[in-house]
Amino acid sequence: MTESIKAVLECKALAKSFEEGPEKLEVLKDVNLFVGPSERVAVVGSSGSGKTTLLQLLAGLDHPSSGEIRVCGHELAAMKDAHQNELRNRHLGFVYQFHHLLPEFTALENVSMPLLLRKNTSIKQIKDKAEELLDAVGLIARARHKPAELSGGERQRVAIARALVTEPDLVFMDEPTGNLDPNTAEKVHGLMQSLSQEFTTSFIVVTHDMRLARQMDRVFRLESGTLILDP
Ligand SMILES: Nc1ncnc2c1ncn2[C@@H]1O[C@H](COP(=O)(O)OP(=O)(O)OP(=O)(O)O)[C@@H](O)[C@H]1O
């Protein structure tokens, strides 16, 4: 991926420390990353190496100690909180290890949820879009089921449909397959591959599973506070 291609996400010289009394814990020291359209990037690293911290910074959910982050051409530090929220709603999606679906709502209602916040979108448009995404993740037949009536892999696919329903440019995933068996995890990763092409969505995925990380376009290891490209 060359830098002449427009970045969906770019960070330079990113650093993050936590002050703990007189102690300073330097978690990230010099992180540089460029993610292009439809690119799927895995971040691996040992427990405590700073993977979740990095995702939080890249999504604008925490502030770096120093360095620069640009998301879809916007420098996060230069934006007010309200604009950052708008940027997240319009351009970013999130999938976590535990799907965070709302238990009292159906799969279709869960996937529709992010669009209900949008102005100028009719109920019919929302339903059509949510159904399109449920179809894309192979779950249209389960649209009326509540999360408790779905398997772990199906719930995670609903969570992916929900993250993609707003047509984000970039989806962050934190251990999205961490609680799934290897076969189901592999299917979820296969799905990401087809969705990244179909919807021109980039993915940044934190995972402990090297086998699955290898299915991404590039794998980075977070080590001693910096990202190293895993050959
Ligand atoms: N708010 C905080 N205040 C102080 N220290 C923190 C804070 N958040 C994270 N840390 C520390 O920063 C380091 C990195 O944490 P982080 O959660 O990013 O690691 P990780 O690579 O995601 O780990 P895991 O794979 O176990 O989830 C850890 O030593 C953690 O204790």
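Biologist: How are α3 and α5 oriented to each other, roughly parallel or oblique?

Modeller: Please note that this is a predicted model. In general, an angle under 35 degrees counts as roughly parallel. Here the axes of α3 (residues 107-116) and α5 (residues 152-164) cross at roughly 30°, and α3 and α5 are therefore roughly parallel to each other. Their axes come within 7 Å.

Biologist: Which hand does the crossing of α3 and α5 have, and which residues make the contact?

Modeller: The crossing of α3 and α5 is right-handed. From α3, the contact draws on A107, N110, V111, M113 and P114; from α5, V158, A161 and R162 take part. Sorted by class, this contact of α3 with α5 holds six nonpolar residues, one polar and one charged.

Biologist: At what angle does α3 pack with α4?

Modeller: Helix α4 spans residues 123-136. Its packing angle with α3 is about 125°, and the two axes are 9 Å apart. Angles from 65 to 115 degrees count as roughly perpendicular and those over 145 as roughly antiparallel; α3 is therefore oblique to α4.

Biologist: In which hand does α3 pass α4?

Modeller: The crossing of α3 with α4 is right-handed. On the α3 side, the contact is made by A107, L108, V111, S112, L115 and L116. On the α4 side, I126, K127, K129, A130, E131, L133 and L134 contribute.

Biologist: How do the residues of the contact of α3 with α4 divide by class?

Modeller: Nine are nonpolar, one is polar and three are charged. A107 and V111 of α3 are listed in the contact with α5 and also in the contact with α4.

How values were computed. Residues numbered from 1 in each chain as written. Predicted model: local features only at pLDDT ≥ 70, side-chain atom pairs only at ≥ 80, totals over all residues. Axes fitted to C-alpha atoms, helices over the stretch in contact; angles between N-to-C directions. Helix = DSSP H or I, 4+ residues; strand = E, 2+ residues; numbered from the N terminus. Left-handed = near helix turned anticlockwise from the far one by under 90°. Contact = placed C-beta atoms within 7 Å. Nonpolar A, V, L, I, M, F, W, Y, C, P; charged D, E, K, R; others polar.
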